[in-house]
Amino acid sequence: MIKKKRNWIRLRESAIRAFFFLNGIMAIFVLIGIFGLLLYTSIPAFREVNIKDFFAGRNWDPTSPLKAEYGILSMMVSTFMVTACALAIAVPVGVGVAAYLSDVAHWRVREIVKPAIEVLAGIPSVVIGFLGIVLLGPLISKIFNTSSGLNALNGCLLLATMALPTIISISEDSLNAVPQAYSEASLALGASRWQTLVRVRIPAALSGIIASVMLGMGRAIGETMTVLMATGNARAFPHGLLDSIRTMTANIAIELGEVPYFTTHYYALFAIGLVLFLMTFLVNLIADIILHKYQEREL
Amino acid sequence: MKKKKIIQFLGFLALRACLYFVLAVLLFFLYDIGSKGGGAISWEFLTKAPRRGMTQGGIFPAIMGTFLVTIVTAILAVPLGMFAAIYLNEYARQSKLTRIIRLSIRNLSGVPSIVYGLFGVILFVNILKFGTSILSAGLTLGLLTLPWTITASEEALKTVPNSYREGALALGATKWQSIRTNVLPYALPGILTGTVLGIARAAGETAPIMFTGAAFYLPYLPKSLGDQFMALPYHLYIMATQHHDISLVRPLAYGTALVLIALVLGMNMAAIILRFRLRRRKRG
């Protein structure tokens, strides 16, 4: 009798364990599922579109009555352009704020600022895009004397504010993780706090800072609503920050609503999604490897 | 010696300037939305449907739509996230599989939201034939939220002292009994606050719902999970870029933005306050 009950308990325990295990490996299936379905839906596009033309073609004109063209080079360049520009602003400012919070600020200041940064991270991207239209756009068109303020520069500034919270919080974490002994040794040798920060603490935290930049970059590449609303969405190849541009994400968002299902155009949009997925996957993976190595070294 | 001090002073000043700059941008954003959106808010705006080609009236269907879709999101993401976190924190050993699971979770949280939208279009709208509906959009958002709820739940489980688990086990409880009676009650408030933060972010997302269920304009409220719906973020997008008379409806767009921000940040704030209180209670 007792044995029977014990067996039942054991069975129940392993059933429960199996249940949680299934939930645990769910994440792997979702990730593979996203990749698999995107790949599966993209493949038909390449029956009609040459892969080389797809990546190297500058013209995206699937609805042309003469000859439909499916080149995504202009969009990729646009995506890289706004991302690079956003990082050029967000990295120095973000690392600066992180350094201030970890090394200079009084703890009371930190208690106030950290929730404020969380608030910034919590503003929905469509609201940021809206602010690009109503605030930044008119400002840019006035300063640079352009007819419209919806251009790459607008998207770049907005993306910078969106990448900031990621960069600040992860950089600050990695600065805080630098062993106290490093700074003490540096200070004992007569270095000022500033010298200690710049020459000892930031180099020691560099891997975490780089990882934060990669994560911010992933966010900027994949951001949709902000660039869709603020960059003007012209299909031409971009030549400067004051050009109206259309990124990969924006192109999907604009055309997926109008395209007839299961046409080459439809499949090609999923192919763009696949490229996006792979790009952000790679960026995140690199960030992950850097962070992982750094954590192991700390232990 | 003096030079060193001056450099330090200037350096710290530059860092402080970075901080002030970021805070100024944040305040400027909030002030602009608050001041211009505040004028549009009225009882009618919050409780009535849009009228006359969305140039008048309110945003009630959009508020309800966002509310309903968020519920579907939570039903999918909260239990799944919690269970996965229980596996990772309580059952999983340090193995290659566990590392791959964690890697997948971190990577999922970096997948662009529009890619989740594409995935939702194929899986929920086409393969599973849910159509463009609340269900499809909610499930898509649920998948998007999953990595956040897993991470948040795991963080909460990590705060449970090991002695809680060992105490139960020493009294002869099985692993599940110790989790159910000792670990979960302690971790639950933390899990809830963490998941609310994730759900709040999902409520403000636009790209994943654009093609899985959100509608441009509906004069009535959705009656079932299979209906299309209006949603606050999508409504803001429409009012800001797609409406036939954008300058005329600008005040309404501002009002929508304010309601959306208030909703998302309100949920955030509630979670943060709850976390703060619970932390204090635990210490005391």
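How many helices and strands are there in chain B? Chain B has 11 helices and 2 strands, where helices (H or I, at least four residues) and strands (E, at least two) are DSSP runs, numbered from the N terminus. This is a predicted model, in which local features need pLDDT of at least 70 and side-chain atom pairs count only at pLDDT 80 or more, while totals for chains, interfaces and linings use all residues. Residues are numbered from 1 along each chain as its sequence is written, chains are lettered from A and ligands numbered from 1 in the order in which they are written, and side-chain values use heavy atoms, with hydrogens and water left out.

Going along the sequence of chain B, the pattern reads α-α-β-β-α-α-α-α-α-α-α-α-α. Its C-alpha atoms fill a box of roughly 70 × 70 × 35 Å, taken along the principal axes. Chain B has 284 residues, and 52% of them count as buried. Buried here means under 20% relative accessible area, exposed means over 50%, and partly exposed is what falls in between (1.4 Å probe, protein chains only).

Now for helix packing. Helix α4 (residues 73-104) of chain A packs against helix α9 (residues 193-204) of chain A at an angle of about 120°, and their axes are 12 Å apart. That angle makes α4(A) oblique to α9(A). The classes work like this: angles under 35 degrees count as roughly parallel, over 145 as roughly antiparallel, 65 to 115 as roughly perpendicular and the rest as oblique. Axes are lines fitted to C-alpha atoms, for helices over the stretch in contact, and angles run from 0 to 180 degrees between N-to-C directions. The crossing of α4(A) past α9(A) is right-handed; a crossing gets that label if the near helix is turned clockwise from the far one by less than a right angle, and is left-handed if anticlockwise.

The α4 helix of chain A also meets the other chain. With helix α1 (residues 2-38) of chain B, α4(A) packs at an angle of about 110°, the axes being 8 Å apart. This makes α4(A) roughly perpendicular to α1(B), and here the crossing is left-handed.

Then come the charged pairs. A salt bridge is a side-chain nitrogen of Lys or Arg within 4 Å of a carboxyl oxygen of Asp or Glu, and the count over all chains comes to 9. In one of them, the side chains of A:Arg201 and A:Asp103 meet at 2.7 Å, N to O. This pair links distant parts of the chain, with A:Arg201 in helix α9 of chain A and A:Asp103 in helix α4 of chain A, 98 residues apart. A:Arg201 counts as buried because its relative accessible area is 9%, and A:Asp103 is buried too, at 19%.

In chain A there is also a salt bridge between A:Glu255 and A:Arg246, whose closest N and O atoms are 3.1 Å apart. A:Glu255 is buried, with a relative accessible area of 6%, and A:Arg246 counts as buried at 11%. A:Arg235 joins in as well, as A:Arg235, A:Arg246 and A:Glu255 are linked in a network of salt bridges.

A:Phe262 is not a glycine, although its phi is positive at about 60°; it sits in the loop between α12 (248-255) and α13 (264-298) of chain A and is exposed, with a relative accessible area of 51%. B:Lys129 likewise has a positive phi, near 60°, in a residue other than glycine. B:Lys129 is placed in the loop between α5 (113-127) and α6 (134-158) of chain B and counts as exposed at 68% relative accessibility.

Lastly, B:Leu274 is found in helix α11 (residues 250-283) of chain B and is partly exposed, with a relative accessible area of 42%. B:Leu274 and B:Pro189 are 85 residues apart in sequence but 8.3 Å apart in space, C-alpha to C-alpha.
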